Amino acid sequence: QVQLVESGGGLVQAGGSLRPSCAAARISFNFYRMGWYRQAPGKQRELVAQINSSGYTNYAEFVKGRFTISRDNARNSVSLQMNNLNPEDTAVYYCNGWYDRPYWGRGTLVTVSS
């Protein structure tokens, strides 16, 4: 069974940085497109960033220039460097893996205080 486990969320002040990570197990990680989604209270889950097996990245407009997604195929992990955070970034951040179907982690909470 595929496992995606997020870590690295937390509480930060506006303007600060966080770097959540996702560790993957029981998948052929190199072949998977990996991504981060987020869900704020009362809102739908939305795409934040994706990185495919070739390293091509895709970002939501609202994080361009602030967030950077990266993957380490040797360690089966994907990270999201988040800089210049603002309170609107407060959400549960979910790791996503896609090959033949989507897989999800349980999420890590990011809270940005003003």
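Reader: What makes a residue count as one that Leu80 touches?

Author: Contact means heavy atoms within 4.5 Å. Leaving out residues up to four places away in sequence, Leu80 touches Leu18, Arg19, Pro20, Trp36, Val48, Ala49, Phe67, Thr68, Ile69 and Tyr93. Please keep in mind that this is a predicted model, where local features need pLDDT of at least 70, side-chain atom pairs count only at pLDDT 80 or more, and totals for chains, interfaces and linings use all residues. Residues are numbered from 1 along each chain as its sequence is written, and side-chain values use heavy atoms, with hydrogens and water left out.

Reader: Why is Leu80 called buried?

Author: Buried means under 20% relative accessible area, exposed over 50%, and partly exposed in between, with a 1.4 Å probe and protein chains only. Leu80 has a relative accessible area of 0%, so it is buried.

Reader: Ser77 has a relative accessibility of 17%; why does it count as buried?

Author: The value for Ser77 is 17%, and the limit is under 20%, so Ser77 counts as buried. Ser77 lies in strand 8, which covers residues 77-82. Beyond its neighbours within four places in sequence, Ser77 is in contact with Cys22, Phe29, Ser70, Arg71 and Asp72.

Reader: How do you know that Cys22 and Cys95 form a disulfide?

Author: A disulfide is a pair of cysteine sulfur atoms within 2.5 Å. The sulfur atoms of Cys22 and Cys95 are 2.1 Å apart, so the pair meets the rule. The pair links distant parts of the chain, with Cys22 in strand 3 (residues 21-25) and Cys95 in strand 9, 73 residues apart. By this rule the count comes to one disulfide. The link of Cys22 and Cys95 is left-handed, with -80 degrees about the S-S bond.

Reader: Are these two cysteines buried or exposed?

Author: Cys22 counts as buried at 1% relative accessibility, and Cys95 counts as buried at 0%.

Reader: What makes Ala91 buried, and which residues does Ala91 touch?

Author: Ala91 has a relative accessible area of 2%, so it is buried. Ala91 lies in strand 9, residues 91-98. Not counting residues up to four places away in sequence, Ala91 touches Arg38, Gln39, Ala40, Thr108, Leu109 and Val110. Ala91 and Arg38 are 53 residues apart in sequence, yet 5.9 Å apart in space, C-alpha to C-alpha.

Reader: How many helices and strands are there, and what makes a run count as one?

Author: Helices (H or I, at least four residues) and strands (E, at least two) are DSSP runs, numbered from the N terminus. The protein has zero helices and 11 strands.

Reader: Why is the protein called as compact as a globular protein of that length?

Author: The radius of gyration is taken over C-alpha atoms, and the globule rule is 2.2 Å times the number of residues to the power 0.38. For 114 residues the rule gives 13 Å and the radius of gyration of the protein is 13 Å, close to it, so the protein is as compact as a globular protein of that length. Along the principal axes, the C-alpha atoms fill a box of roughly 40 × 25 × 25 Å.

Reader: How many of the residues are buried?

Author: Buried residues make up 41% of the 114 residues.
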